[in-house]
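Please look over the sequence and the model first, then read on.

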Amino acid sequence: MDRMRKIKRQLSLTLRGGSSGEKSLNETIGSQDAGAHSDSEAMPGGGSASLRGSVRGAGGSFSMHSLLQSYSSALRRPRSLGRSLSSYLNHTTRLEIVHEDVKMGSDGESDQASATSSDEVHSPVRVRLRNNPGRKISTEDINKRLSLPADIRLPDGYLEKFSLNSPLFDKPLSRRLRRVSLSEIGFGKLETYVKLDKLGEGTYATVYKGRSKLTDNLVALKEIRLEHEEGAPCTAIREVSLLKDLKHANIVTLHDIIHTQKSLTLVFEYLDKDLKQYLDDCGNCIHMHNVKLFLFQLLRGLNYCHRRKVLHRDLKPQNLLINDRGELKLADFGLARAKSIPTKTYSNEVVTLWYRPPDILLGSTDYSTQIDMWGVGCIFYEMATGRPLFPGSTVEEELHFIFKLLGTPTEETWPGITSNEEFISYNYPRYRADCLHNHTPRLDNDGVDLLSKLLQFEGKKRISADEAMRHSYFQCLGERVLTLPDTTSIFALQDIQLEKETGMRTTSLSDSELLQRCLRFRHTLGTYNCSSAPSQRQEAPSVPSVPVPFPTVNIYFVLLTVIKQKCPIPFYSHDFKWFKLLSLVV
Amino acid sequence: MQAPRSAAVAETGQLGGRGNAAAVGDSSNDTKTHFRVCRFIIETGVKLGMRSVPVATACALYHKFFQTASLEVYEPYLVAMSCIYLAGKVEEQHLRTRDIINVCHRYFHPGRDPLQLDSKFWELRDSVVQCELLILRQLNFQVSFEHPHKYLLHYLLSVRCLLNRHAWSRTPIAETAWALLKDSYHGPVCVQHRPQHLALTALYLALHTYGVQVPRGEREWWQVLCEDVTRTQIEDIMTELLQLYDMEAKCT
């Protein structure tokens, strides 16, 4: 109580005269100049160089010091920046900016992986080691200790190095020491990764396929060019700051960040293809069971984001990555943001037009998690039918596509729409809503019901990711998929398995498969029938079996034409061995 | 703030072989410096037309940065400029480096002409951009914060329902609480406590300032609004806030 009284007295003193922040700020602007000067003068200048020298003199026996010292010298180096500003503050007339080459090192606050590059790093605690001989340290220990991603397997060589002379397990691990040790292993260094092929190029980044020398795993290297004028692109900043917190089986994992002077490289786990490629590769006809699995995983990842108040805002097949196990992961969080205040207005140019909901197209700026759900509907349709739902190239055309299918909204179907100025100005014809069933022949009733719940005009009427996961469409996946831990893949459950895509172009077909496909192809052409392969003839009884002499030259010719024209026939693939096939048929 | 700072000071002292006494001695000076720099951030933010949350983010970035870094190594005003720039990117209110430099120039030299667009200007801009990267590294890209503003809004709405209508209209509780919250960004409270607790303390302090009593049910009103807060926590934050106002008097 006494304390409270004291606080109150203090409060009355300080608040008297209404001295809350802003007023006082203005009063003190004048005196600021002087303040700034004295601050910068108070700082000792140029001390760092001599310090560095003195410690280096102490030599190798105190290598822990040298390690920390190179850390501190690294920290110290950007001082030049500071000095340049303070000199600017002090004598603007003679602006002298000593812009030293500031080397941005690696990983977070680390210190210069490069400054402490491997040969400079001595074992800091060699003395201590004698007390502690032959300790066995497992990968798990190290992973736990350094909180590395769970799927990282360090090569044996590293483990040996650790058990021999590492500060890691003898000392309590401070955050700083952890960083030093991480960079000692090779994290945050560009040398750790080998660039293989270029996978794609965006507006601000180039993506390469790469290999980590540390784990021998494939990785995706997203190299972000640092614009000289604008610094790190805000999409990159947002992507990294969000992805660091998102740990989920259906969200792409960020393994490492590498800073160099000209670029920032994000190291992601590598997945074979995106949903767009997957669709192309299986002839735009995904097995319906797999459609269900992909949609569920998409919803699962999205539900996790939405729970953590993160919107993706840029869902499209190109941003959904799929590996050969059939695991689907959300990627490209460049436009995503932490949705901190739900009522806030957002910039409205965010989603690729095809997957953009109508309320956003009509200029709504206050949106929430439902913005992503429309896109889920569009992707669902695209997976089920093999073609994009609303492929508009302008806002007007996009809305036109939408209204043509779902009906032009009226006051009944979308309250308030008739007073929306943009809607009035477009003056669309009055379409009646089409039946979704007619457009999605491969989808069952439950699927159509879910699709229609996703494709609601009004954001608040759209089904949420959480509800959608419990929709009866997913009933056949069982209850257990809903209770899996965040970081467990749905394929951990035994009864959930990816079906083989029938039309999938693969690079490793067995000979008999090749033959069968070739025959199927020939049936579709309907010209020839093979008299020498009676067993295969039963496969396609619908084709009239008129025995036609089968000239070798002709099939050779057909195949060559097919290969040359890159005809999208299911069996075609890059290293399709047509000669193998010939030898089988003839 | 105290603990990590003194640790940092001790470390630099040990590494450099410099006398510890000198380094520790100016820790109160450091607090003053940080206060001044935050005042600079907030004022510059207002001049640049930034909304409350981006300004708050800029201050939080600044405090977070100096939790682990030392004032002896980095020029605080440069860090502050980069924090403003970075906060604009994080909170989707993009600012141009040129505007920031011009506004800051006017802040430091109120009477002078704007800077010429010469090589010195470009070098200064490069410094801001480079320092932004440094902040990103130092903070390990953890640059989005949850701010207490939205919580305060909710608390205010709830408390208004509990109060007599006249008591509410007579006293500027909402304004005071909001001002207290904004002012709290002068100090490192914003990165040391949970946003809920900070919002609650601002409201608590505002209510006490005007002597407004909130009817007490089974539990205190603040226990109803935020379950995991204790009276000592509120009092601790309150003391820190009030120290900031003392600091203001010292820093004029």
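Among contacts in chain A between residues at least 6 apart in sequence, what percentage join residues at least 24 apart? The figure is 63%. The model is a predicted one. The points below start with chain A as a whole, go on to its helices, and then turn to chain B.

**Chain A overall**

- Chain A has 586 residues, and 51% of them count as buried.
- Its secondary structure consists of 23 helices and ten strands.

**A covered helix in chain A**

- Helix H10 of chain A, residues 234–243, is mostly covered, with ten of its ten residues buried.
- The buried residues of H10(A) include the charged pair Arg238(A) and Glu239(A).
- Also buried in H10(A) are Cys234(A), Thr235(A), Ala236(A), Ile237(A), Val240(A), Ser241(A), Leu242(A) and Leu243(A).

**H12 and H14 of chain A**

- Helix H12 (residues 288–307) and helix H14 (residues 370–385) of chain A have axes that come within 10 Å and cross at roughly 165°.
- H12(A) is therefore roughly antiparallel to H14(A), since angles over 145 degrees count as such.
- The crossing of H12(A) past H14(A) is right-handed.
- On the H12(A) side, the residues in contact are Met288(A), Val291(A), Phe294(A), Leu295(A), Leu298(A), Leu299(A), Leu302(A) and His306(A).
- On the H14(A) side, they are Asp372(A), Met373(A), Val376(A), Ile379(A), Phe380(A), Met383(A) and Ala384(A).
- By class, 13 residues of the contact between H12(A) and H14(A) are nonpolar, one is polar and one is charged.
- An α-helix has 3.6 residues a turn, so residues three or four places apart point the same way.

- Asn284(A) sits in the loop between helix H11 (275–281) and H12 of chain A.
- Its phi is near 55°, a positive value in a residue other than glycine.
- Asn284(A) has a relative accessible area of 33% and is therefore partly exposed, as this value falls between the 20% and 50% cut-offs.

**H10 and H14 of chain B**

- In chain B, the axes of helix H10 (residues 173–184) and helix H14 (residues 231–250) come within 10 Å and cross at roughly 75°.
- This angle makes H10(B) roughly perpendicular to H14(B).
- Ala179(B), Leu180(B), Asp183(B) and Ser184(B) of H10(B) make the contact with Leu241(B), Leu244(B) and Tyr245(B) of H14(B).
- Five residues of the contact of H10(B) with H14(B) are nonpolar, one is polar and one is charged.

**Loop residues in chain B**

- Glu75(B) lies in the loop between helix H4 (52–68) and helix H5 (76–90) of chain B.
- Glu75(B) has a relative accessible area of 2%, so this residue is buried.
- The side chain of Glu75(B) reaches the backbone nitrogen of Tyr77(B) at 3.1 Å.
- Glu92(B) is placed in the loop between H5 and helix H6 (97–108) of chain B.
- Although Glu92(B) is not a glycine, it has a positive phi of about 60°.
- Glu92(B) is partly exposed, because its relative accessible area is 23%.
- Gly211(B) belongs to the loop between helix H12 (195–209) and helix H13 (221–225) of chain B.
- With a relative accessible area of 53%, Gly211(B) is exposed.
- Gly211(B) and Thr171(B) are 40 residues apart in sequence, and their C-alpha atoms are 9.6 Å apart in space.

Definitions and conventions
Residues are numbered from 1 along each chain as its sequence is written. Chains are lettered from A and ligands numbered from 1 in the order in which they are written. This is a predicted model: local features need pLDDT of at least 70, side-chain atom pairs count only at pLDDT 80 or more; totals for chains, interfaces and linings use all residues. Side-chain values use heavy atoms; hydrogens and water are left out. Helices (H or I, at least four residues) and strands (E, at least two) are DSSP runs, numbered from the N terminus. Buried means under 20% relative accessible area, exposed over 50%, partly exposed in between (1.4 Å probe, protein chains only). A polar contact is a pair of N or O atoms within 3.5 Å; within protein, one must be able to donate a hydrogen and the other to accept it, and residues adjacent in sequence count only if both atoms are side-chain atoms. Axes are lines fitted to C-alpha atoms, for helices over the stretch in contact, and angles run from 0 to 180 degrees between N-to-C directions. Angles under 35 degrees count as roughly parallel, over 145 as roughly antiparallel, 65 to 115 as roughly perpendicular and the rest as oblique. A crossing is left-handed if the near helix is turned anticlockwise from the far one by less than a right angle, and right-handed if clockwise. Contact means heavy atoms within 4.5 Å.
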